[in-house]
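The following note sets out some points for a colleague who is examining the model below. Please read it alongside the sequence and coordinates.

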Amino acid sequence: MATDGARLLVSPEFDGVTEEWFDPEAWGASAVPVDAGGRGGAWFLRSGASELVLRHYRRGGFAGKFVERTYLYSGARRTRSFAEFHLTRELHQAGLPVPRVVAAIIWPRGWLWYHAAIIVERIPAAVNFPDSPSVGDESLWFRVGQMVRRFHDWGLDHVDLNCDNILVAGDDIYLIDFDRCRRRSQSSSDRWRGHNLQRLKRSVDKRIGPKGGIRTESLWQHLLSGYHGSGGCGIRN
Ligand SMILES: Nc1ncnc2c1ncn2[C@@H]1O[C@H](COP(=O)(O)OP(=O)(O)O)[C@@H](O)[C@H]1O
Ligand SMILES: [Mg+2]
């Protein structure tokens, strides 16, 4: 990999994005850190009339160390940001409820390493699933199950399917955060679907379970009904 200069990918609809867009400091007061649910390293941006989300790729648990945000380079298409860029565009083009991706960047660090970041559109008025005022409603859980099923039927293996990667905006439900996710082929074993659901269940227990008055065990059954109700695959969890 060339070690000088950043490499940028920009969606054609968002012509005009430059490297500076990925620097939260360059946005001044128009960049506000996202606090709910993330690892840090994410900011809400206001760019004229549009609202965006900037995310710098970081590993959890290594705060302050070199390895925290440095990844081994093995081709541009395989970098965290370019892979997420392409996958998010594919999901959007398939009509699935995801934010539009604006741009992705990689910064070479020496010959072998890189840092990376991505910008996506902010979903207006979205809250994380645990913070939705409807989090106690069976119908919301049913629809979350249907939503996850649509992604699974497309083949999306969401390796970090947790409550904070599910956004609720009024009646609409979105899935976000496709870092390290992949599209599975029809012929692959279906075990990944169950793993995704188990991960989501653990996150539900951790993030929503402790909230007073929310019966997560019974609500989870509504989520599974939504997931299984749309026909086709016979996975029970
Ligand atoms: N497109 C978006 N619209 C609204 N909020 C978002 C969007 N993308 C991310 N967020 C918020 O930022 C948080 C962290 O973003 P996410 O992409 O999940 O990164 P990570 O989990 O790696 O920190 C989300 O849980 C959500 O609160
Ligand atoms: Mg996330």
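1. Throughout this note, a buried residue has under 20% relative accessible area, an exposed one over 50%, and a partly exposed one lies in between (1.4 Å probe, protein chains only). The model is predicted: local features need pLDDT of at least 70, side-chain atom pairs count only at pLDDT 80 or more, and totals for chains, interfaces and linings use all residues. Residues are numbered from 1 along each chain as its sequence is written, chains are lettered from A and ligands numbered from 1 in the order in which they are written, and side-chain values use heavy atoms, with hydrogens and water left out.

2. The magnesium ion (ligand 2) is coordinated at 2.2 Å by Asn165 (OD1) and Asp177 (OD). These two residues, 12 residues apart, link distant parts of the chain: Asn165 lies in the loop between β9 (156–157) and β10 (166–169), and Asp177 in the loop between β11 (172–175) and β12 (182–183). Donors are N, O and S atoms within 2.8 Å of the metal (3.2 Å for Na, K and Ca); water is not among the atoms, so sites may look incomplete.

3. Asn165 is buried, at a relative accessible area of 5%; Asp177 is likewise buried, at 17%.

4. Strands (E, at least two residues) and helices (H or I, at least four) are DSSP runs numbered from the N terminus. In strand β7 (residues 113–121), 7 of the 9 residues are buried, so the strand is largely enclosed by the rest of the structure.

5. Two strands pair if DSSP finds at least two bridges between them. Strand β6 (residues 101–109) runs antiparallel to β7, with 8 bridges, and Arg109 has Trp113 as its bridge partner. Strand β4 (residues 50–56) also pairs with β7 in the antiparallel sense, over 5 bridges.
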